[in-house]
Each structure stands twice: as structure tokens, then as C-alpha cells.
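Visitor: I would like to learn how to read a structure like this one. Could we go through it feature by feature?

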Amino acid sequence: MSDGSGLLLDRSPDAARVSLGLVGGAPADADGDYLRVSDPATDEPVGWVPYGGAAQARAAVDAASAAAGPWRAATPDVRANLLRKLSAAMLDRTDALARVLTREQGKPLAEARGEIAYAASFLDWSAEEGRRVTGEYLEASGANRRIVVMRQPLGVIAAITPWNFPAAMITRKLAPALAVGNTAVLKPAEQAPLTAMAIAALATEVGFPPGVINVITGDADAIGRAWLGDARVRKLSFTGSTEVGRLLVERASTHLTRLSLELGGHAPLLVFDDADLDVAVRATLSAKFRNAGQTCVCPNRVYVHASVHDAFMDRVQAGIDRLVVGYGLDAGVHIGPLIDDAALDKVRVHLDDAREHGAIVRTGGRLGAPRAGLSPRFCTPTLLDAVTASMQVAREETFGPVLAVQTFETEAEAIALANSLPYGLAAYAFTRGLARALRVSEALDFGMVGMNETTVSTAQAAFGGTKLSGWGREGGKWGLEEFLEVKSVTFGV
Ligand code: NAP
């Protein structure tokens, strides 16, 4: 779906900067329009990709289907070897990949490098775990029967990913799916597809057979419909908004296509009166302001015990005032641009609403270019005090560098506030009390809890949400399970 900023389509782009994707090991069909990918910080064109539709989607599935048999028959060791080679190639080219990522997505170069390493970690981890897929042998209730339970790949899987982590969202799906013997068709987001194209090119370079990985770009709605209308696609793994997730659930009903949905969050962060405030402040700042607050697990709603409110706010404000806003390729920058005009508008609307209803802007809150030559798509890191539950910023994900703080008096009240919204992706709490840490972990209705910690996404952990934040898990052994079918075979003996 278009993000509201308008698609920039072109029939004759700068040929030297066109990235064609990959279908069946060859460049994807580019007969038609091309989509211009722009640097959100400068509006300069970074490259062009084909604007395909249903025909490209079908061609990708044709290629993935043709490759599915041989790939499934290849041993786990062969698959693991290729995944490890792709990981190594990504790490070798970290700088080049990170520059593409920063230019199309905006995050500071140091963060982009970190994302490449994080993305590669899923390939390494799945390479190992893919060699440990096991079945079971069961005694049956009849003496002359035995049961063998097999776990087999699904066949062709589809993946649709968002723009905020253009490398990691790709490998977090691709790595487990391929490791256990599936082939893949993939559509990255229109704002930041070039990193995915570069990863696909590296996959070809390290020797992935044609058709195992197919990447196309274009009309998301048409591509999604084509994949969910094709019975050969056995699973769709989606990361993005709850709104599009709902649409995909409806469309998956045709063939009852299996779905994994990693959707929006609106993470609460609780600071109890017995918290180590230095730890809480450090963790809050790093989790909130990376990627300019455009992260689905960003703490957005901070609930602080009234007795530590002033100390917490002073320290957070001091930390925020040290953050530098600017162009992601410039040295020393911590906060880059928002992805597009619609994202900037959402931040503006949330800030206006908060101010109007009595929130206090402790620091930040300025929108616009931080220096000449940059687009106006920037927001200074913002600390809002005296926020109330009815403000927009407290109810919906802002997806920008805005930290909104409310106070509480009791543990029960904090938990009720945290659980009060229909989202359940990640939640965080800070306390030195062991019993409280356990009680609160159990009571938070979220797929992930960070206790005295805000780094919750790693290759080993299960990533995913409850309620409107989606279905299924990525990462760890759970991520591989999502791409396996369980088959029970009963033997008469
Ligand atoms: P979005 O609009 O849902 O887009 C995500 C992907 O879905 C893009 O590739 C987009 O393609 C595609 N898409 C859009 N409309 C579609 C349709 N009708 N059929 C099939 N695919 C369609 O999400 P966004 O606003 O860009 O991304 C931000 C959201 O993602 C936030 O809510 C965030 O919390 C969530 N997110 C969740 C996680 C997680 O793991 N839970 C991680 C990151 C982000 P085009 O770009 O081509 O339109």
C-alpha cells in the first residue's frame, strides 16, 4: 500500500541505478514502470526498482515451485553451508550494505552496520538449527501399530516485509524458511527495497540455486492478492501494520494459507520505585531513540512510579539533550529522518494533540530540517510529561522519537495500564525486586518482556506478539517451527 506520500513512478530511470530483483536466478522482469527509491533525508534518488504486479508475483512462484523439490532434497548440511556463506558475505560487505540501507531508510550509519550484523546472525543461527530438525517415534495404543511423526518443509513460502529494518526483517524470515527446506518469494517495502535486492544478489554470488530466493517489487496489494490466491504458496510471513495484517487474514481464507503476522506494537515501559534508575534511563534512551523511534518494539508509553518521577525525568532529559539529529551518513549523528511525509504528519498530529490536552514538552518537539540541504522530515527527540491515557500518543504507536511519560502509584495500577491497550508485542519493566520481577513478567500480556533490559530481539529468542500485535513467532527454534508441517505416519507391524 502506498504510504500516502505518493509513489514516484518512472518509465525511463537512470539505467545505471536500476536494481532488478531476482526471479529464478535471473533479473526480475522489468517491462513497465520503475519505482524511484529516494533518500528520506535529502530526497535524492538512491535507485529504481521495477514496479511489478500479479504477473511478476506468479513468475516468482513458478520459479520457487520449480526449485522446491531439489532444495528440499538437498541435505540440511548443504543448506546450512549456503546460509553461512551468505552471512559471511553480508559481514564482509557490511560497509557497502550499510550505506545503501542508510541512504534508502535514513538510520545513522552505525545503526545500519549494526543491523547488517543482526541480520547476518539469523542466517548463522538458522544454519545450525536447521540441522537439528527431528521427528518422533511413538508406541501406539494397538500392539501392532507404531507411529512416526515427521516434520517437513511446507514448499513455497512468501514474505512481505516493512521498511524500518530492511535487512533484518528479510533474513529473520528467509533464514529459518530456507534452512528447513522451503523456497521463498519475497516482497520488500517500497520505501526501502534496495537492501533486499543487494542481499539477493549476494545469495546468487555465494551459490544459492536459481529459484530458491526470489525477490520482486511493485504493487503490494496486487502481489499479496496473487500470492494468497495461489495454492502453491503454503505460508505467508508478514511484518507490518495491523491494518494490512487484517486484510491478509481475510485474503488467506481462499486457500487457508498459513500466516505469521508480526504487527504493530505500542510498548509500555514500567519504572518501579525500587528500580536502578541509571540502568532504566540508559535502556530507555537506547531502545526509544534508535531508528528515530521507528521500531515496533520501541518503548512508547513510559509509566514511572510517582516517587521516582522527577529523578527519572531529569536523567532522561539530560540523555536526550546529548542526542544529535542529522543526516545518517554524517559522523556523530544519533537520529536520522522519519521515513516519509506521512510519518512526519503522524508525529505532528500526536504532538499537537498532546500539547492541546495538557502534556508538557520537557525537551524536543521541533519538526523540520536540522541543517540546510536536508528535507524537513526530522523531529528532535522529545520528552513529554503529564501525559494522560486519553491522548493519542498514549493510545497509538507514534513511530517517531517521542517518549510519553505518565505516573502510577501501585504495581496493580502499572500492570493494568500496561495491559490496557489491544496491542501485545513487547513490554519492559525495571525493578530490583526478584519477586516483583517474576510477578510482573507473568502479568504482562505481551509476547516479549524485557526485565531490566530492553534488548529483546536476538537470533535465539522468540519474537512476536499477542492480541493485535499478531500471530506466530520468529527467531529461535520457534522461528523454524513456523515453516514446518507435522506429519503423523502410522505403521502396521
Ligand atoms: P505496512 O503499510 O503494513 O507495510 C508493510 C509491508 O506490507 C510493505 O511491504 C507493504 O508494501 C506491504 N503492504 C501494504 N499494503 C499491502 C496489501 N494490501 N497487501 C499486501 N501487502 C501490503 O506497514 P508500515 O506502516 O510500512 O510499517 C510499519 C508497521 O510495521 C508498524 O505498525 C510497525 O509496528 C510494524 N512492524 C512490526 C514489526 C514486528 O515484528 N512486529 C517489525 C517492524 C515493523 P509497500 O511498502 O509496497 O506498500
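Visitor: What is the area buried between domain 1 and domain 2?

Guide: Keep in mind that this is a predicted model. About 2000 Å² is buried between domain 1 and domain 2, and carbon and sulfur atoms give 56% of that area.

Visitor: Which residues in domain 1 lose the most area to domain 2?

Guide: They are Pro40, Ala41 and Trp163, which together make up 24% of what that side buries.

Visitor: Next, salt bridges. What is the general idea?

Guide: Side chains of opposite charge can pair when their charged atoms come close. In this structure there are 33 salt bridges.

Visitor: How many salt bridges are counted between domain 1 and domain 2?

Guide: The count is one. Arg377 also forms a salt bridge with Asp43, with 2.9 Å between the closest N and O atoms.

Visitor: Where is Asp43 found?

Guide: Asp43 is in the loop between strand 2 and strand 3. At 34% relative accessibility, Asp43 is partly exposed. The backbone of Asp43 is worth a look too: phi is positive, about 70 degrees, although Asp43 is not a glycine. Lys467 is another residue other than glycine with a positive phi, near 50 degrees. Lys467 lies in strand 19 (residues 466-467) and counts as partly exposed at 36% relative accessibility.

Visitor: Asp39 lies in a loop as well. Is Asp39 buried or exposed?

Guide: Asp39 is buried, with a relative accessible area of 0%. The loop that holds Asp39 runs between strand 2 (34-38) and strand 3 (45-50). Leaving aside residues up to four places away in sequence, Asp39 touches Glu44, Val46, Arg103 and Tyr327.

Visitor: With which residue does Arg371 form a salt bridge?

Guide: The partner is Asp330, with the closest N and O atoms 2.9 Å apart. Arg371 lies in the loop between strand 13 (360-363) and strand 14 (382-385), and Asp330 in the loop between helix 10 and helix 11, so this pair ties together parts 41 residues apart in sequence. Arg371 is partly exposed, with a relative accessible area of 39%, and Asp330 is partly exposed, with 32%. For Asp330 and Glu111, 219 residues apart along the chain, the C-alpha atoms are separated by 12 Å.

Visitor: Which residues are linked in a network of salt bridges?

Guide: The network links Asp273, Asp274, Glu411, Arg436 and Arg439. Within it, Glu411 forms a salt bridge with Arg436, with 2.8 Å between the closest N and O atoms. Glu411 lies in helix 13 (residues 411-418) and Arg436 in helix 14 (residues 434-443), so the pair ties together parts 25 residues apart in sequence. Glu411 is buried, with a relative accessible area of 17%, and Arg436 counts as buried at 17% relative accessibility.

Visitor: Last, how many disulfides are there?

Guide: A disulfide is a covalent bond between the sulfur atoms of two cysteines. Here the count comes to zero. Cys298 is in no disulfide, and the nearest cysteine sulfur, that of Cys296, is 8.1 Å away. Cys298 is buried at 1% relative accessible area, and Cys296 is buried at 17%.

Conventions. Residues numbered from 1 in each chain as written. Predicted model: local features only at pLDDT ≥ 70, side-chain atom pairs only at ≥ 80, totals over all residues. Heavy atoms only, no water. Disulfide = S-S within 2.5 Å. Buried < 20%, exposed > 50% of the residue type's maximum accessible area, 1.4 Å probe, protein only. Helix = DSSP H or I, 4+ residues; strand = E, 2+ residues; numbered from the N terminus. Contact = heavy atoms within 4.5 Å. Buried area = accessible area lost by both parts, 1.4 Å probe. Salt bridge = Lys/Arg side-chain N within 4 Å of Asp/Glu carboxyl O.
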